Structures are given as structure tokens and as C-alpha cells.
Amino acid sequence: MTPLTTAQAERLLLYVARSPDDDLAAHLKSRGWNISIARSTHDVARLARPDATCAGIVDLTSFAARDIAGLESALRQQQIGWIALANNERLADPEVRRLIRHYCFDYVKIPVANATIDYLVGHAYGMVTLCDLDFVAGVATAGDDEMVGTCEAMQQLFRTIRKVANTDATVFISGESGTGKELTALAIHERSQRRKSTFVPINCGAIPHHLLQSELFGYERGAFTGANQRKIGRVEAADGGTLFLDEIGDLPLESQASLLRFLQEGKIERLGGHESIPVDVRIISATHVDLEAAMRDGRFRADLFHRLCVLRVDEPPLRARGKDIEILAHHILHKFKTDSARKIRGFTPSAIEAMYNYNWPGNVRELINRVRRAIVMAENKLISAEDLDLEHFTAQQTMTLAQAREAAEKRAIESALLRHRHRLNEAATDLGISRVTLYRLMGAHGLRDASASDEKTLFGGEAEGRE
Ligand SMILES: Nc1ncnc2c1ncn2[C@@H]1O[C@H](COP(=O)(O)OP(=O)(O)OP(=O)(O)O)[C@@H](O)[C@H]1O
Ligand SMILES: [Mg+2]
């Protein structure tokens, strides 16, 4: 594992502008950004730190058109997540559009609220953090998979993984379904001295009880009808490596007794065999059920539990991981975005909000499924709460009744306008209001783009609205 330091230590921000906006700089500073200001490409070269991830703002409006090409070398720096500030004049230039497309995480037309810029650079910073996986805290590797986690609970988990990996003691991993128990087991194996040998997982819940003994310990030829040749069990197959017993709570009592014997003696006997075979494995087990309750009910042996649980690792549920929900969502999007021909760039603010409001009973696995589905379903460049099937979780916690009414009114107007392709007469009739009232409400909800055709529709009495 690469050394993991504190993820949220200090967020660096490089603000590139010929004439920087002092208000904006002060706002960003107050939001905790450690901001450096570059007034030229020369300054960028001096201020950018190749070894540190950082967010970047490039104000394209503040540079003369002839200077813009010179910014490319600054924009190319991979450790900086760029947001461009632009205006219509700049955006008319194909070269500017190319620079934004190639190098920027996003752009906004100014003037724009400082809070919006703060929000966008936050995301750009998050994205670049993900790209720079080898050097940035918050990511560990397990096989080909990365384990993302910057919150305190996950940092604690990473520390535990590192400590636990150094020993040969049994590890018991507890956590809700989909929290990453198997990934953690693999991460422990890969950081241990056993990494050159195999990691053998077995899902005790998925194998029929009568087959479990032979799956775990193997059998000799002729041990039972149909045993035509010797079979090596999973415990033996893991010799020198790590055996991962998943869903250990489902292990029947018979296998619990055999496993306990193996843990005490370090030897196995194949079914139908008489020989005791020494096997050297490290055992990691996991369950999403309450083993304490299973022990109370007599379904799980307490003596086996104490053998299995010399060291204990608890996986935090996704809902308790704060900002990691968003970081993971971007990580998953990044990983699977090629599933769609569309160029999906991120999530809408309400999709992000919904992700925070939702409870995630299926944890990371559920997040992966929802994001992958959304990648396929999304009709825009940003994944919406609807694409994630979480539209009921937007703004739920904080909406007042007045806000709920307003949102419902806006939705009704939008869909009436859509149904009638912006013909105000018909939409107004549908909504049971006058055309003038509709026009006023459209203005209030920001649904009127003050186009001449709308005016004409209203005041000139033409049937067709804008198209
Ligand atoms: N921190 C993480 N970062 C990135 N991916 C993760 C993380 N945790 C889990 N995953 C991914 O989520 C999925 C579920 O993880 P895993 O199978 O390890 O969970 P589990 O706890 O064993 O689930 P179950 O209880 O359903 O067996 C996997 O695809 C895994 O790669
Ligand atoms: Mg699992």
C-alpha cells in the first residue's frame, strides 16, 4: 500500500487570472482553500507544485485572445483539476472551446456566484484526487480494484488493514452487505507476507450443506459413491496463502467442528483419508449477520468464534462515510463511463444531494449498481437523481411546505409546457389559469427565456409559441 496520509489535509487552489477578482479570492479563502494567484503562465510554472494535487481556476476572459494559446502548457498539468471562467465572446473561439474540452473539468460563464465556483473547484479537486491514485491519500489497492476512502472511518480501516496484514492471526470482518468485506480481505492478503501464494475465497452460504465438508477439506478416491478421484479441498488449496471464509455465519455445525479442529491442530484430513496433512493458511472470515445472536441461539459455536476473531475489522456502512459517497460515485463513474457512448461528465447537484439523503442499505455494491444503470440511462452529460432512481431523495430533509408547493408548481408548469410544446394558450388551459398568469409564473420560476416568440404568443395572440 502506498503511504496514506490525511486526505483532507489542505486543499490547494491555483487561480490564474490577468486581473484576479479579489472578492472571489477572499471567498475561496474563507471556504478553506489555500489559494495562490498566478497572473501569467510564467507565474503558473513557478507556483504549480508537480507533487501536489490541486484545483485550478483559469479566467479565460481576463487574458487577451493572443495569450490564450500560451495557457495550454499550464492547463496540461495533470495534477491540477481545472475549472474555466469564460464568456460568450471567448466561447465563440474554437481554440478556447478545445482547451476547455481537453483540459477542464467544467466551465462557467461569468458573472457567476462565488459559491458556484467554490462548488465546482471542490469537484475538480475531487476528480483530480481520483486520477492521481498512486500518490494521494484515500485509496488502497486490492487486486485490480481500488478501495476508495478518505473519511476518518475509512482511514482507520486502512490503518487497521496495514497492522493486521503484518501478523498471521485470524481476522474477522464484520459489516453490512456490500460494504467491501471481500475487498478488505484481499487487501489484507496482498499486504501480508503470503501475497505470493493464493487467496482462496469460499462463500459458506452458497454451498449446499452436504457438500461443504468435501469442499473445505477435499476427499480421497472412493470416499463415497461418485468420488472417482482425489479432490483437494479449499483449505489445502490455500496452503501458504490466505483462506477467506465468507458468510461464516452460514457454516453448519458439522463444518464448524471440523474447522475448529483444523484451527487447533493446523492439520486436515481429507474425507475418506486417514492421513493428517499439515496446512499453513491464514484465515480471514466475514459475515453480515449478527454472530453474537447466532451464538446465543446456539447456531454458532462460541469457541470457534473466539478462534476466528483474534483481530476484528468493522466495515463502516456507506451512509456513515460522508463525502466518500460522492468521491466513490465519481470513482465508479470514471471506471464505467465507457459503458455509454455518451460523454458523461458527472452528477447534477440534486443527484449528489439525493445520494447524501439516501440510506444505502446495499452500500457500495448498491452505489455501483445505481451508477452503472444511470450511465446507461442518462440522457444528458450529467447523471440526475432520476437516472439513479433516487428522485424521491432530493431535498427531502430540508424542504419546507412552501418550497414543496413551489417545486410542485414548477414541475406542473414545466410538464404542461412540454406537453404543448410551449404553446402557452393550451398549457394555460390545461393548468386552469389564464395565459397572463402562466406567463407571470414562468417568469417567477425562471422558465421564460424572454424570447421574442413568447412575447408574441402572449401579446400578439399567435397560436405558436417558441420552438
Ligand atoms: N471502499 C471501496 N472502494 C471502491 N470499491 C469498493 C469499496 N468497497 C467495496 N467496493 C466494491 O463494492 C463491491 C462490493 O464489495 P465486496 O464484495 O467486498 O462487499 P461485501 O461486504 O463482501 O459484500 P457482501 O456482503 O454482499 O458479500 C465490490 O465490487 C467492491 O469492489
Ligand atoms: Mg462478500
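I began with the ligand. Both domain 2 (169-314) and domain 3 (319-393) give residues to the shell around ligand 1, so ligand 1 lies between them; the domain bounds come from an automatic or database domain assignment. I keep in mind that this is a predicted model, where local features need pLDDT of at least 70, side-chain atom pairs count only at pLDDT 80 or more, and totals for chains, interfaces and linings use all residues. Residues are numbered from 1 along each chain as its sequence is written, while chains are lettered from A and ligands numbered from 1 in the order in which they are written.

Which residues come nearest to ligand 1? I found Ser177, Gly180, Lys181, Glu182 and Val364, out of 18 residues around the ligand (near means a C-beta atom, placed from the backbone, within 6 Å). I noted that β7 (145-148), α9 and α17 each supply at least two shell residues, and that the largest share, 4 residues, comes from β7. Helices here are DSSP runs (H or I, at least four residues), as are strands (E, at least two), numbered from the N terminus. By class I get 6 nonpolar, 7 polar and 5 charged residues in the shell (Ala, Val, Leu, Ile, Met, Phe, Trp, Tyr, Cys and Pro count as nonpolar, Asp, Glu, Lys and Arg as charged, the others, Gly among them, as polar).

Next, α17 again. The axis of α17 (residues 363-377) comes within 9 Å of that of α15 (residues 324-336), crossing at roughly 50° (axes are lines fitted to C-alpha atoms, for helices over the stretch in contact; angles run from 0 to 180 degrees between N-to-C directions). That makes α15 oblique to α17 (under 35 degrees is roughly parallel, over 145 roughly antiparallel, 65 to 115 roughly perpendicular, the rest oblique). On the α15 side I listed Leu328, Ala329, Ile332, Leu333 and Phe336, which meet Val364, Leu367, Ile368, Val371, Arg372 and Ile375 in α17 (contact means C-beta atoms, placed from the backbone, within 7 Å). This contact has 10 nonpolar, no polar and 1 charged residues.

I also checked α9 (residues 181-191): α8 (residues 152-165) packs against it at about 45°, axes 8 Å apart.

Last, the backbone. A cis peptide bond joins Ile110 and Pro111, with omega about 5°; Pro111 is in the loop between β5 (104-109) and α7 (114-131). Glu247, not a glycine, has a positive phi near 50°, and I place Glu247 in the loop between β12 (242-246) and α12 (253-265).

Methods. Contact = placed C-beta atoms within 7 Å.
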